[in-house]
Amino acid sequence: MLIAHTLADLRQALAGRGRPAFVPTMGNLHAGHISLVEQARPLGDVTVASIFVNRLQFLPHEDFDSYPRTWEADCAQLREAGCDVLFAPREADLYPEPQTFKVHPDPALADILEGHFRPGFFVGVCTVVMKLFACVLGASGGTAVFGKKDYQQLMVIRQMVRQFALPIDVVAGETRRAEDGLALSSRNGYLGTQERSRARQLAQALQALADAALAVQPGQGGLGALEQQAIEALRSQGWQPDYLTVRRRSDLQPPSGDGSLRGGTWVALGAARLGSTRLIDNLEF
């Protein structure tokens, strides 16, 4: 595996190697990330991963400085997964001057849910992803693989690629879970032993919400009440929920009409703190 820290090194590493299949990450890799690399390998001529902790997507009170950096372990996992090139720029390499040009995604998609509770988050995400796309995929394009665990992020990136007519195929990777159902996440490492034993409750709450939503009959309404009940049930178990909600998969907007979910495709999404750790998850149904 070649490791490139600068853009010049990256371009040299990719020269003449065809269309890349790219997996952007912030490091602290787990089996979910590695599954995306393995999924990417047959989708391009050269498999590229990046590791960059992007300051632009952290709010002032969030954990940029304490975000786990596990460089040696990350490199070992990527080598074993068959990654060909790792792009690991330093902040001064990717942002050699203040990044005053930024990508502002559609507020209808990006200012709800995660964007509501983390204002500006998707501006930071879109800006760094656009820059990484320019570095890794360039004008010829290629494939980029993103996990469904960050469901709203996946949708925002897809819309960005479509609206800018980028020659990039955005491929979704399924969420990887621990045996108890907890979605794998870099932030799971923040959980204490007792918190980890309870962390599956978020996935269970989303499953219960989805089941209840599917049982709503036409004309009954009441989805908002079900969402509130799900929030209160999780709160009663010691969580601090931001949201538990049912949305259309196509645009993350609430169901419309008579309140029935029959005949559509839906996703239940949730975000909540357990102790000091904020977890997100989702369930398509």
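The lining of the second largest pocket holds nine nonpolar, four polar and four charged residues. This is a predicted model, in which local features need pLDDT of at least 70, side-chain atom pairs count only at pLDDT 80 or more, and totals for chains, interfaces and linings use all residues. Residues are numbered from 1 along each chain as its sequence is written, and side-chain values use heavy atoms, with hydrogens and water left out.

**Pocket**

- The second largest pocket has about 270 Å³ of space.
- A pocket is an open set of points on a 1 Å grid over the protein atoms alone, where a 1.4 Å probe fits, with protein on both sides within 12 Å along at least five of seven lines.
- Its volume is the space filled by probe spheres set on the points.
- The second largest pocket is lined by 17 residues, and Ile51, Phe52, Val53, Arg69 and Trp71 are the closest to its centre.
- Lining residues have an atom within 4 Å of a point.
- Asp, Glu, Lys and Arg count as charged; Ala, Val, Leu, Ile, Met, Phe, Trp, Tyr, Cys and Pro as nonpolar; the others, Gly among them, as polar.

**Sheet**

- Six strands form an open sheet in the order S1-S4-S3-S2-S5-S6, with parallel pairing.
- Strands S1 (2–4) and S6 (168–173) are at the edges with a single partner strand each, so one side of each has no neighbour in the sheet.
- Strands (E, at least two residues) and helices (H or I, at least four) are DSSP runs, numbered from the N terminus; two strands pair if DSSP finds at least two bridges between them.
- Neighbouring strands are turned by 25° against each other on average, direction ignored.
- Three parallel bridges join S1 to S4 (residues 85–87), and Ala4 has Phe87 in S4 as its bridge partner.

**Helices on the sheet**

- Helix H1 (residues 7–14) touches S1, S3 (46–51) and S4, and its direction makes about 160° with that of S4.
- Helix H7 (residues 121–136) lies across S2 (20–25), S3, S4, S5 (142–147) and S6, at about 145° to S2.
- Angles run from 0 to 180 degrees between N-to-C directions, with axes fitted to C-alpha atoms, for helices over the stretch in contact; contact means heavy atoms within 4.5 Å.

**Single residues**

- Gln159 belongs to helix H8 (residues 151–163) and is buried at 15% relative accessibility.
- Buried means under 20% relative accessible area, exposed over 50%, partly exposed in between (1.4 Å probe, protein chains only).
- Beyond neighbours within four places in sequence, Gln159 contacts Asp106 and Leu109.
- Asn28, not a glycine, has a positive phi of about 50° and is buried at 14%.
- Ala165, also not a glycine, has a positive phi of about 55° and is exposed at 65%.
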